[in-house]
Amino acid sequence: MLLLVLLVGSLASCKKDNEDPSVEDSFLNYEIEEIPVTENYNVGAFYTFFTTFNANVKETPVLGKYTMSNVSGVPLNIMQAHLGYAVQGGIDYFVFNFRSLNRDVNNYKIDTTVIRSYLNAGPENKVKFAINYNFSSYALTDAAPLESNAQKLSQFYDDFAKMEKYFKNPNYMKVDGKALIFINDSRNLYSNDNKAIYTELRSRLRALGVELYIVGNQERWSPPARYAPARFAGCVDAVYHQSLLLNNAYAWDFFYVLPQAMDQNLKYNREYLAQHYSLEYIPNIYPGNDFKITAPTSVFPNVERKDGGAMYRKLCNVAKMNVNNKGRLVLIDSFNDWANGTQLEPAQSYTDSYLNITKQQFKR
């Protein structure tokens, strides 16, 4: 009798083990639900400066393939049109680049000229602005942290002092009454004591009458524990990821379940940062992309614009599911990065559909 019981049990076990796995077994097997908008979200879009269009860009803007200038910035009619599009799409603020006068003077002049183009577009812009500070010219490394060079450290603080006039502009974006500042690639702000750096930075700006809401960022699809202890904890107020484009080893795996993969990634980061470091998290999404514009031989999958923007609608809902910050902030990369195909700006092929989706998804 014991032998019979064991034999039956063994056969049952073999049958179970030999069953083929199905899609129903996957933790990614769920639908992205439509999240009703009960309160407006604050939507920021990264603004891209370029002088000419990449020849591989297949789309044509409704405005035509316009140019910008290193000297004069964005033509007035183009900037005014962009601001009008932003209002139509429910975009609350543009995010402009800002590089160091002390260490990257030519790019500093370009960046400030672009911001001036925005400020000159109208005294009562309905679209606010924020700064994305880029310190890459400092060439920091583990072996050469910020404190190891007294001149660099002083120049770093001086860069922020030069932003004071922007922070105090009535059209500058605020979160909880604080000036919203993004620090690009802040995961690479090599320092012996990041907390001390940020504490001093806040103190210096406070002396100028400015309170900062600082947002750090890390590389796409990376786990929060890689950077949070040294770079973010006690330093920044919130964190966001680079656009979760599919340019890594798991690209094709993620491609077929992109909304669910992004949802799980954002959820994990949001919960981990809140639980372990009391940090807020800002979702960052994109309406599409085309790797072949800048890399014609790319084998990574593109997020194409089809089905009336159905994929983008799902990613908007993924963002709404994972908002965890005082300002109900959501980021979109980008407003006009045509070279990567991530733009919201209207094109002749899809017209203003992505602007309209954005407003429908994030505004009551």
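**Ground rules**

I worked on a predicted model, so I took local features only at pLDDT of at least 70 and side-chain atom pairs only at pLDDT 80 or more, while totals for chains, interfaces and linings use all residues. I number residues from 1 along each chain as its sequence is written, and side-chain values use heavy atoms, with hydrogens and water left out.

**Entry: largest pocket**

I looked up pockets first. A pocket is an open set of points on a 1 Å grid over the protein atoms alone, where a 1.4 Å probe fits, with protein on both sides within 12 Å along at least five of seven lines. Lining residues have an atom within 4 Å of a point. Volume is the space filled by probe spheres set on the points, which are joined across faces, edges and corners.

The largest pocket holds about 560 Å³ of space. I found 27 residues in its lining. Nearest the centre of this pocket lie Phe46, Asn97, Asn132, Asn184 and Asp333.

I then sorted the lining by class. Nonpolar covers Ala, Val, Leu, Ile, Met, Phe, Trp, Tyr, Cys and Pro; charged covers Asp, Glu, Lys and Arg; the others, Gly among them, are polar. The lining of the largest pocket has 13 polar, eight nonpolar and six charged residues.

Which elements supply at least two residues each of this lining? They are strand E2 (93-99), helix H3 (105-120) and strand E3 (128-134). H3 gives the most, with four residues. Helices (H or I, at least four residues) and strands (E, at least two) are DSSP runs, numbered from the N terminus.

**Entry: second largest pocket**

The second largest pocket has about 330 Å³ of space. Its lining counts 20 residues, and Phe255, Leu258, Pro259, Lys306 and Met311 are the closest to its centre. I counted 12 nonpolar, three polar and five charged residues in the lining of the second largest pocket. Helix H9 (258-277) and helix H10 (310-321) each supply at least two residues of that lining. The largest share, four residues, comes from H10.

**Entry: H3 and H9**

I checked helix lengths next. The expected span is 1.5 Å times one less than the number of residues. H3 has 16 residues and should span 22 Å; its end C-alpha atoms are 22 Å apart, which agrees. H9 has 20 residues and should span 28 Å; its end C-alpha atoms are 28 Å apart, which also agrees.

Burial came next. I call a residue buried under 20% relative accessible area, exposed over 50% and partly exposed in between (1.4 Å probe, protein chains only). Buried residues of H3 include Tyr108, Ile110, Asp111, Thr112 and Thr113. The cover over the buried residues of H3 includes helix H2 (76-88), E2, E3, helix H4 (150-162) and helix H5 (164-167). In H9, the buried residues include Leu258, Pro259, Asp263, Arg270 and Leu273. Ser278 follows H9 and has a positive phi, near 55°.

**Entry: strands**

Two strands pair if DSSP finds at least two bridges between them. Strand E1 (residues 42-46) pairs with E2 in the parallel sense over three bridges. The bridge partner of Gly44 in E2 is Tyr93. Six of the seven residues of E2 are buried.

E5 and E6 run parallel, joined by five bridges. In E6, Ile214 is the bridge partner of Ile181. Strand E6 (residues 212-218) has seven of its seven residues buried. Both faces of E6 are covered, with Leu212, Ile214, Gly216 and Gln218 on one side and Tyr213, Val215 and Asn217 on the other.

**Entry: Val239**

Val239 is in strand E7 (residues 238-241). Is Val239 buried or exposed? Val239 is buried, because its relative accessible area is 0%. I listed its contacts (heavy atoms within 4.5 Å), leaving aside neighbours within four places in sequence; among them are Val215, Gly216, Phe232, Leu273 and Ile282. Val239 and Val299 are 60 residues apart in sequence and 30 Å apart in space, C-alpha to C-alpha.

**Entry: positive phi in loops**

Asp176 is a residue other than glycine with a positive phi, near 55°. I placed Asp176 in the loop between strand E4 (174-175) and strand E5 (178-183). Asp176 is exposed, with a relative accessible area of 55%.

Asp307 also has a positive phi near 55°. Asp307 sits in the loop between strand E9 (284-285) and H10. Its relative accessible area is 65%, so Asp307 is exposed.
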